[in-house]
Amino acid sequence: MSQPSAAFSSGPRPVRVLFVCLGNICRSPLAEGVFRAQAEAAGLADQFHVTSAGTGDWHIGNPPDARMIATAASHGLDLGALRGEQVDAAALDRAHHVFVMDKQNLQDTLALGPEDEAKIRLFREFDPQPDDYQVPDPYFGDGDGFERVYDIVERTCAAILGRLRAAYGMERAV
Ligand code: 4NP
């Protein structure tokens with residue numbers, strides 16, 4: 001059924017999406033890569049600007065953790081070009097939507113004093129199976145943690161993409 005074109009393509013472009021974790025070498029770079037790949041697969045690559053950052057500064061300039069790169073590669077996703085960044089208030093203010101991986105990340109990002117706190121949300125609020133609403137940190141655990149994080153991130157990014165497509169009228173953008 002045809003609908004008025006004004007119903008589509010509403011809001012800013014590109015929509016700026018920022019994923020945040022602690023180190024920016026495991027969970028948030030995976031979310032960045034997965035979300036970007038899903039947007040590309042939907043023909044919406046130019047509709048989104050996708051970034052990630054960590055609340056900590058240990059891994060600035062570093063590629064993702066080798067175990068995260070390997071897990072992503074086993075699913076056909078190359079994270080090797082990503083480099084660690086630290087989040088600051090300006091990065092939060094530039095983004096339209098900020099998704100944080102756990103409750104400590106939420107506390108730490110809010111402590112930076114962003115202009116708009118409401119756009120900072122727990123990533124797993126959008127997970128159809130949210131458990132405790134946090135993405136477990138795989139960094140200090142065994143190898144299984146990375147595969148589990150991949151599953152969580154894949155299904156939650158798909159849910160977020162669906163929500164943003166609807167919110168910004170992208171359903172007919174392709
Ligand atoms: P991420 O995992 O927050 O998912 O990137 C971590 C990576 C590094 C450290 C902690 C968590 N670290 O303490 O260096």
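Asp142, Asp144, Glu147, Asp151 and Glu154 come together on the surface as a patch of negative charge. This is a predicted model, in which local features need pLDDT of at least 70 and side-chain atom pairs count only at pLDDT 80 or more, while totals for chains, interfaces and linings use all residues. Residues are numbered from 1 along each chain as its sequence is written, and side-chain values use heavy atoms, with hydrogens and water left out.

- A patch is built from residues with over 30% relative accessible area and no salt bridge, joining like charges within 9 Å and nonpolar side chains (Val, Leu, Ile, Met, Phe, Trp, Tyr) within 5 Å.
- A salt bridge here is a side-chain nitrogen of Lys or Arg within 4 Å of a carboxyl oxygen of Asp or Glu.
- One member of the patch, Glu154, sits in helix α5, which covers residues 144-167; helices are DSSP runs (H or I, at least four residues) and strands are too (E, at least two), numbered from the N terminus.
- Glu154 has 35% relative accessibility, so it counts as partly exposed (buried is under 20% relative accessible area, exposed over 50%, partly exposed in between, with a 1.4 Å probe and protein chains only).
- Leu164 also belongs to helix α5, but it is buried, with a relative accessible area of 6%.
- From C-alpha to C-alpha, Leu164 and Val87 are 22 Å apart in space, and 77 residues separate them in sequence.

**Helix α1**

- Helix α1 takes in residues 27-41, and its end C-alpha atoms are 21 Å apart, in agreement with the 21 Å that its 15 residues should span at 1.5 Å a residue (the expected span is 1.5 Å times one less than the number of residues).
- Because 11 of its 15 residues are buried, α1 is largely enclosed by the rest of the structure.
- Among the buried residues of α1 are Leu30, Val34 and Phe35, along with Arg27 and Glu32.

**Backbone spots to look at**

- As background, most residues other than glycine have a negative phi, and most peptide bonds are trans.
- The peptide bond from Arg13 to Pro14 is cis, with omega near -5 degrees, and Pro14 lies in the segment before β1 (15-21).
- Asn24 is not a glycine, yet its phi is positive at about 60 degrees.
- You will find Asn24 in the loop between β1 and α1, where it counts as buried at 2% relative accessibility.
- Asp131 has a positive phi too, near 50 degrees, and its place is the loop between β4 (120-122) and α5.
- With a relative accessible area of 52%, Asp131 is exposed.

Conventions. Accessible areas come from the Shrake-Rupley method with a 1.4 Å probe; for residues, only the protein chains shown count as cover. Lys and Arg count as positive and Asp and Glu as negative; His and the chain ends are not counted. The place of a charge is taken as NZ of Lys, CZ of Arg, CG of Asp or CD of Glu.
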